[in-house]
Amino acid sequence: MCATTDVHHEIAIAAARAGRHVIVEKPLTGYFGEATDAPETMLDGALAHADAVLDAVARAGVTLCYAEDFVYAPPVAKIRRLMEVGGGVVLELRAEECHSGSHAAYARTWRTAGGGSLLRMGSHPVGVVLQLKRHEGQVRRGRPIRARSVLADTARLTQLPEVAARRQFLRAAPEDVEDWSVAIITFDDGTKATVHSNDVTLGGVRNVVTAYLTNGVLQANITPSTSVMAYAPDAAVWGDEYISEKVETKAGWQFPAPEEDWMRGYPQELEDFVDAIRERREPLSGAALARDVVEVIYAGYLSAARGRRVDLARR
């Protein structure tokens, strides 16, 4: 079922109560009131929705599969393996998803989207950095390394007077949500992650993850990938052939996606979900990660509104 973010939790709870295993796209849920509501209320409300889903899943004895494809993308999977083999400490993670804006009407308002770029797009980079640190902790300590605090900022750049008059290439049309965000996450081992997500980046989707370790640097270019490069002096040269998501023109140098679904991890995540259900285990991207993403992002909204670092409540 395709559904807007504001009903994710309702559908997931209904499916669990019917005894069905649940796959939920990012984000798991959020807060769907007015953009002017207190950010403390937003954080509490979003976590209440998340906890209701996790409770329904636990009571029904079914599996919640959190469809965070960044976690399963082959370049990120390779980063995990190299982290394991190298044995270095991850000092900082940098991750982003940025593009020129959503075409979906639901993405424009808080009531249907639950937030702007930090939630709608930031779920991807937040999810992957949280998962990589959880994985590092399991390998090195036997327990996950989790987020401890968040410092964030958000903005609605496309509504600045000078920008609004020159936004012909941007698709973003926010009404009461942000179109730019950055978040600094501090983990319980003192290390950091920086997450960028915005609707004001031209040139197609940027999905990039970089890990800075004590003994190396790893970078995953999910999108764009340089596996295929093409040049055309005119956009008409490539006809109707697909190039990549959200590019504004087919002219000039391009990075055509030879197998976009595979590179972004969609087949791999579904394979893990099937195996997890059959083997009665937690998926690589499961309920715990889904809740942590919601908590970090709404703590980010609280941080941006209050201008201070926000500590996370541990459960």
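In which sense do strand 1 and strand 2 pair? They pair in the parallel sense, over 4 bridges.

This is a predicted model in which local features need pLDDT of at least 70, side-chain atom pairs count only at pLDDT 80 or more, and totals for chains, interfaces and linings use all residues. Residues are numbered from 1 along each chain as its sequence is written, and side-chain values use heavy atoms, with hydrogens and water left out.

**View A. Strand 1 (residues 22-25) and strand 2 (residues 64-67).** Strands (E, at least two residues) and helices (H or I, at least four) are DSSP runs, numbered from the N terminus; two strands pair if DSSP finds at least two bridges between them. Ile23 stands opposite Cys65 in strand 2.

**View B. Glu178 in the loop between helix 8 and strand 5.** Glu178 is buried (under 20% relative accessible area; exposed is over 50%, partly exposed in between; 1.4 Å probe, protein chains only). The side chain of Glu178 reaches the backbone nitrogen of Gly116 at 3.1 Å. A polar atom of that side chain also lies 2.9 Å from the backbone nitrogen of Leu118.

**View C. The salt bridge of Arg120 and Asp199.** A salt bridge is a side-chain nitrogen of Lys or Arg within 4 Å of a carboxyl oxygen of Asp or Glu. Here the N to O distance is 2.4 Å. Arg120 is in helix 6 and Asp199 in the loop between strand 6 and strand 7, 79 residues apart. Arg120 is buried, at 10% relative accessible area, and Asp199 is buried, at 4%.

**View D. The salt bridge of Asp189 and Lys133.** The N to O distance is 3.0 Å. Asp189 is partly exposed, at 24%, whereas Lys133 is buried, at 1%.

Methods:
Lys, Arg positive; Asp, Glu negative; His and termini not counted. Polar contact = N/O pair within 3.5 Å; in protein donor to acceptor, adjacent residues only side chain to side chain.
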